[in-house]
Amino acid sequence: MVAKEFLNDVITSTIMTRRSFVKWSAIVGGGAAVASNLAELPGQLGVGSVMAQEDENVVWSSCVVNCGSRCPLRLHVKDGVVVRVETDNLGDDEFGNHQIRACVRGRSVRQRMYNPDRLKYPMKRVGPRGSGEFEQITWEEAFDLIADKLKELIDTYGNESIYLNYGTGTLGAVVAKSWPPSATPIARLMNCIGGYLNHYGDYSAAQIESGLPYTFGNTWADTWVTNNSIEDIVNSKLLVYFGNNPGETRMSGGGMIYSLQHYKKVSGAKMIVIDPRYTDTAVTAADEWVPIRPGTDAALINALAYVMITEDLHDQEFLDNYCVGFDKAHMPEGYEDEDSYKDYILGTGADGIAKTPEWASAITGIPAQKIVQLAREIALTKPCFITQGWGPQRQANGEQTSRAIPMLSILTGNIGIHGGGTGARESSFGISMVGFPTLSNPVGTYISVFNWPDAIDHGPEMTATKDGVIGKDKLDVPIKFIWSYAGNALINQHADVNHTREILGDESKCEMIVTVDVHMTPSAKWSDILLPDTMNFEKMDIAVNGDASSMGYHIFCEPAAEPMFETMHVYDMCAELAKRLDVEEEFTEGRTVEDWLRYCIDETRKSNPDWPDFESFREMGIYKVSNPGDPYVAYQGFREDPEANPLATPSGKLEIFSSRLHEIGQTWELEEGDVISGLPIYVETWEGVSDPLRETYPLQMISAHYKQRTHSTYGNVPWMKEVAPQEVWINPIDAEKRGIKNGDRVYVYNGRGRTHIAARVTPRIIPGVVHLSEGAWYEPDEDGVDQAGCVNVLTRYRPSPLAKGDPMHTALVEVEKA
Amino acid sequence: MANKLGFYFNATVCTGCKACQVACKDKSDLPVGVNWRRVAEYTGGEWVTNPDGTCEQNVFAYYTSIACNHCTNPICVEVCPTQAMHQREDGIVMVEESKCIGCRYCEWACPYGAPQFNEEVGVMTKCNFCHDYLDEGKSPACVAACPSRALFFGEIDELRAEHGEIAEIAPLPPADITEPNLVIQPHHNAKSIGSTSGKLINPEEV
C-alpha cells in the first residue's frame with residue numbers, strides 16, 4: 001500500500017535556519033537556528049510545484065473532534081493517498097448560507113492522518129504499566145485476551161466493575177463516535193452483556209451542567225440551560241462575555257466566532273469581555289476588556305448586584321413575578337428564615353458583609369469605580385445579552401459561579417426577550433439526526449466523570465452524599481476494567497498526573513485497560529491492550545449536528561483511503577468481541593456500518609421527510625438548513641406566560657434561592673471549605689485568590705483552550721506546534737520580578753509537579769496569574785519533570801462540591817527561570 | 001503594468017488563527033520553518049497597580065497576516081543575480097527554481113521576509129499567489145481558508161478604490177521601500193509604523 005511505505009520513514013530531522021525578522025521590528029534578535037521534526041507528507045512534490053489535478057479524486061470528510069464545531073474537509077486523493085485538504089467552497093458565501101470553513105487545525109489534518117504516532121497493529125503491554133513497552137499481537141489474540149478478562153471480571157465483580165472512560169477524540173459522527181460513552185459501539189457491546197458503570201457530566205462543563213439547572217429547572221445535566229441564539233444579538237444593545245472565548249475555542253467558519261463578528265457588526269452593540277486574559281475574541285470583538293482574577297466572578301456579580309439594588313436599577317417587577325428568593329417577601333415556603341439574595345448582597349444576612357464594590361475590588365482586582373460603572377451600564381443598557389463560557393465554571397467554586405453570572409440577566413429582567421438572554425452559553429439553530437442505537441444499560445449506577453480514580457482505588461467507600469454516586473447509596477465494587485476509546489483522560493487530561501500514575505500503576509487495582517485509538521497518546525501508553533482504530537478519513541460516517549448560528553448542517557463523510565496497516569473500524573472490533581461473548585446477533589442485528597447509517601437516515605426521515613435519503617445525501621456531501629424562523633429566545637414562553645409555561649423547578653419560577661440545593665448543602669458530606677448553598681454566593685476556595693498557600697505558590701494558574709489543539713487532539717502535529725507553540729503566559733510585572741524575558745525557558749511548579757516550557761511574557765494576562773493551555777502531551781524526563789507543558793502535572797485532583805467535576809482552573813504555582 | 005494583483009487584509013476581524021498559513025502550507029507541502037504566509041501579533045500597553053491592589057491597563061493587540069505583496073518595486077527581483085526571481089505581467093513575483101542558486105540575496109533584501117530558503121531543495125521559495133488556482137477560477141488557498149473573511153484578493157486598483165490605500169501599520173516596514181500591492185483595513189488598535197508602544201510579540205512564529 002502506498003501510504004504504508006511513506007509511513008515507514010515518515011520522520012526526518014532537519015535543521016532549519018529561520019529567517020530573521022529583524023527588519024520587521026527592532027526588538028527581534030537575529031536568525032536563530034532551531035531543530036525541527038518534520039513529518040514528511042505523502043504525495044509531496046517539489047516545493048512550490050503545481051500539482052497535477054487530473055488524476056485527483058475529491059471526497060467530503062469531516063474533522064470529528066471535540067471543539068464544538070463540525071467542519072467539512074474536502075480531501076484530495078491521489079493514488080490512495082490524501083494529498084491536499086480544502087474545506088467547504090460551495091455557494092457565494094453569503095452569510096446565512098455561508099461556507100463552513102474549517103479552522104487551522106482541520107487544515108493541518110494530513111499531519112494527523114500520516115503521523116508517525118499512528119497505531120499500526122494490536123499490541124499488548126510487556127513492561128510495567130505506563131512503561132510504554134508493548135509487543136505486537138494478532139487481532140485474534142487481542143480479542144481473546146479482552147473477552148476472557150471481561151468474562152472473568154464480570155463473573156467475579158459484576159458489570160459495575162466495567163467502566164467506559166471519558167473520551168472525545170472522535171466526536172460528532174454517527175457510528176464511530178467516542179462521546180458520549182453511552183452512545184458508542186462499545187456501550188452497545190457492553191449493554192449486550194449486562195452493562196457497565198455509567199458516568200455523568202464531562203470535563204468541559206461539569207459544574208455549569210449540574211449547578212445552573214437548579215436556577216432554571218431540571219437537574220443533573222438532563223437539560224441544558226440555554227441562552228438566546230447568537231443571531232439574536234442583532235437585537236442587543238450590549239454584550240457581556242464572561243470567560244467566553246469563541247475566537248480560540250470555536251474558531252472555524254462553522255463556529256461561533258464568525259457568527260459573533262458578523263452579528264455584532266449588524267447590531268452595533270458594544271461588547272465587554274470579562275476574562276483574566278485579553279483573548280483573541282477580545283482582540284476582534286470587544287470594545288472593552290475587564291481583567292479579572294480567576295475564580296472571583298461571583299464576587300464581581302455580588303458587587304454589581306449591590307450597585308443595582310442600592311441605586312434601584314434592578315427590575316423589581318420581573319423579580320416579583322418570575323423569581324423566588326430575591327427578597328424576604330418571595331422566599332420559598334418553609335425557607336422564610338433563610339437569607340434572601342437581597343439580604344446576602346446588602347449585608348443584612350447571616351454573614352453581615354455588604355458586598356460593596358470596595359469589597360469586590362479587593363477580591364477581583366477590578367477597581368471599585370469600574371465596578372460601579374459596569375453595574376450602571378449593564379442595568380441601563382437594554383436589552384443586554386450576557387453569556388458565560390465554560391472557563392469560569394471549571395473552578396473549585398464553579399457551580400456557584402455558573403449560577404451567579406445569570407443573576408445579572410435575572411436582576412435586569414433580560415430573560416426571555418429578544419436581545420436579552422440568560423447568562424448561559426450561546427445557542428445556535430440546528431437540525432438533528434437519529435443516532436446509532438446503543439440499547440439500554442442494565443446497570444443504573446453513575447459516578448461523576450471526574451472521580452473514577454477513586455472508584456479504582458476505593459470504589460466501595462464511595463457514597464451518594466460524599467462522592468456524588470447516583471443510582472445507589474454506594475458503589476459495591478471498584479473499577480476493574482477500563483475501556484478508553486479515543487480518550488486521553490486516562491493520564492493527560494485528568495488532574496494531577498502524578499497521582500493518577502500511582503493509581504494506575506498498581507496493576508492489582510484496575511486489572512485491564514483497553515485503549516482504542518489512532519495514535520500512541522500519553523494515555524495509550526498506560527494501557528494493557530492497544531487496538532488500532534481506523535481514522536475518520538478511512539471510513540464512511542456522517543458528521544452530525546453541525547451548527548453555524550442560523551444554519552444547521554450535516555456532512556456525509558466518504559472514506560478517502562483504505563485503512564492503513566492492520567487498523568480496524570471500532571464497530572468491527574466490537575462485532576468480533578461480540579462473537580466471543582456470544583452476543584453477535586444482538587450486537588450487529590446483521591448490520592454493517594453502512595447498514596446502520598442507512599438505518600439512522602431512514603429513522604430520521606420518518607419524522608423529518610425533508611431529510612435527504614442516503615444516496616442523495618451522499619451525492620450532496622453537505623446538507624445545510626437555514627433557520628426558517630426568528631432567532632431562538634431562551635425561556636420565551638415562560639416570559640410571555642409564566643403560569644402556562646412554568647419552569648421545571650419546584651416553584652415553577654427562576655430559583656435565585658434553590659431549596660433543593662439548600663437541602664443538599666445541609667445533608668451531603670462535604671470536604672472542609674466546600675460549600676453548596678441555596679443562593680449563588682461567592683466562595684473562597686482552596687488555591688484560590690485568598691489561599692495562604694500563595695505565600696509559597698503566589699501565582700494563580702489557568703489552562704484555557706488553545707489554537708494548537710482541540711484539547712489534546714492535534715497535539716502531535718508539527719504544523720500546529722509551529723502555528724501556536726506551547727508557552728506559559730506571564731504578565732511583564734510578574735516576569736520582571738523573576739528575571740524572565742519573552743521566550744526564556746522556565747519551570748512552572750508546585751507541590752504536585754513541575755513542567756519545563758517557554759515563557760510568553762505578555763500584557764494580555766492579568767498580573768498574579770499565569771496561563772498554560774491544556775492538552776499538551778505529557779512527556780516526563782527521567783526525573784519526572786514534564787518537558788511538554790502538560791498542565792495536569794500541576795492541577796489538583798479534588799472534585800468540586802456539587803458536580804464532583806474537574807476544577808482545572810483552580811491551582812497555585814510558582815514560575816522560575818530554567 | 002495595469003491589472004496587478006494584490007491582497008486586501010481586514011485586521012479588524014483577524015483572530016490570528018493562521019488558517020491562511022496552514023492552508024498555504026498544505027497546498028504547497030511546506031515544511032516546518034517555511035511559511036509563505038505568516039501572522040504577526042503586535043501587542044502593547046501598560047499595567048498600573050493601584051495602592052489598593054487593583055490594576056488598571058491600556059493593553060492592546062492585533063494581528064497582521066502577511067505573504068508576498070507582489071510589489072510594484074520588487075526589490076527581490078532587483079537583487080537577484082540570476083534572474084530566477086522575476087515578475088509576471090500580472091504582477092505575480094515568482095522564483096524560477098531551475099535558475100536559483102540559493103544565494104538568499106532576495107531574502108536579505110525583502111523587508112517582509114517573503115522569499116524563504118528551503119534547505120531540502122536548496123532554493124528560494126515564496127508565495128506564488130496560487131496562480132494555478134487563479135487559472136482555474138479559484139481563490140488563493142489563504143483567501144479561501146479564512147474563517148473570519150479577513151483576506152481577499154483582486155486587482156489592486158479595485159481593492160484600493162474600495163478599501164483605501166493603507167499598506168503600512170506596525171510592525172510592517174514602510175511601504176515606500178517596495179510599494180507593496182497590499183491594502184489594509186487597520187484594526188482599531190493599530191499603531192503607525194515605527195511605533196514603540198507595542199512590539200512584535202511572536203518573533204519566532206514569523
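## Packing of helices α4 and α21 in chain A

A crossing of two helices is called right-handed if the near helix is turned clockwise from the far one by less than a right angle, and left-handed if the turn is anticlockwise. In this predicted model, the crossing of α4(A) and α21(A) is right-handed. Helix α4 of chain A spans residues 139-157 and helix α21 of chain A spans residues 570-580; the two pack at an angle of about 55 degrees, with their axes 9 Å apart. Angles from 65 to 115 degrees count as roughly perpendicular and those under 35 degrees as roughly parallel; α4(A) and α21(A) are therefore oblique to each other.

On the side of α4(A), the contact is made by Phe143(A), Asp144(A), Ile146(A) and Ala147(A). Helix α21(A) contributes Glu576(A), Leu577(A) and Arg580(A). Sorted by class, the contact of α4(A) with α21(A) has four nonpolar and three charged residues, and no polar ones.

## The six-stranded sheet of chain A

Chain A contains an open sheet of six strands, in the order β7-β6-β18-β17-β16-β8, with mixed pairing. Strands β7 (134-136) and β8 of chain A stand at the edges; each has a single partner strand, so one side of each is left without a neighbour in the sheet. From one strand to the next, the twist averages 20 degrees.

Within this sheet, strand β17 of chain A (residues 512-517) runs parallel to β18(A), and four bridges join the two. Thr515(A) stands opposite Leu530(A) in β18(A).

## The surroundings of Leu530(A)

Leu530(A) lies in strand β18 of chain A, which covers residues 529-532. Leu530(A) counts as buried because it has 26 C-beta neighbours inside 10 Å, the cut-off for a buried residue being 20 or more.

When residues up to four places away in sequence are left out, Leu530(A) touches Leu119(A), Pro122(A), Met123(A), Phe134(A), Thr515(A) and Ala524(A). Leu530(A) and Ile513(A) are 17 residues apart along the chain, and their C-alpha atoms are separated by 8.8 Å.

## Backbone exceptions in chain A

Most residues other than glycine have a negative phi, and most peptide bonds are trans. Against this background, two cis peptide bonds may be noted in chain A. The bond from Trp179(A) to Pro180(A) is cis, with omega near -10 degrees; Pro180(A) is placed in the loop between β8 (162-164) and α5 (185-192) of chain A. The bond from Lys382(A) to Pro383(A) is likewise cis, with omega near -5 degrees, and Pro383(A) belongs to the loop between α15 (368-380) and β14 (384-388) of chain A.

Positive phi values occur at Ser549(A), with about 55 degrees, and at Phe565(A), with a value near 55 degrees; neither residue is a glycine. Ser549(A) is situated in the loop between β19 (541-548) and β20 (551-557) of chain A, and it counts as buried because 29 C-beta neighbours lie inside 10 Å. Phe565(A) is found in the loop between β20 and α21 of chain A. With 15 C-beta neighbours inside 10 Å, Phe565(A) counts as partly exposed.

## The interface between chains A and B

Contacts between the chains involve 59 residues of chain B and 62 residues of chain A. Elements of chain B that each supply at least two residues of the side touching chain A include α1 (19-28), β2 (38-44), β5 (60-66) and β12 (198-200). The largest share of that side, eight residues, comes from α1(B). By class, the side of chain B that touches chain A has 26 nonpolar, 19 polar and 14 charged residues.

## Strand β2 of chain B

Strand β2(B), one of the elements of the side that touches chain A, is mostly covered, with six of its seven residues buried. Strands of a sheet pair through backbone hydrogen bonds, either parallel or antiparallel. Strands β2(B) and β5(B) run antiparallel and are joined by seven bridges; here Ala40(B) stands opposite Thr64(B) in β5(B). Strand β2(B) also pairs with β12(B) in the antiparallel sense, over three bridges, and Lys199(B) in β12(B) is the bridge partner of Thr43(B).

Technical notes: Residues are numbered from 1 along each chain as its sequence is written. Chains are lettered from A and ligands numbered from 1 in the order in which they are written. This is a predicted model: local features need pLDDT of at least 70, side-chain atom pairs count only at pLDDT 80 or more; totals for chains, interfaces and linings use all residues. Axes are lines fitted to C-alpha atoms, for helices over the stretch in contact, and angles run from 0 to 180 degrees between N-to-C directions. Angles under 35 degrees count as roughly parallel, over 145 as roughly antiparallel, 65 to 115 as roughly perpendicular and the rest as oblique. Two residues are in contact if their C-beta atoms, placed from the backbone, lie within 7 Å. Ala, Val, Leu, Ile, Met, Phe, Trp, Tyr, Cys and Pro count as nonpolar, Asp, Glu, Lys and Arg as charged, and the others, Gly among them, as polar. A residue is buried if 20 or more other C-beta atoms lie within 10 Å of its own, exposed if 12 or fewer, and partly exposed in between; C-beta atoms are placed from the backbone. Two strands pair if DSSP finds at least two bridges between them.
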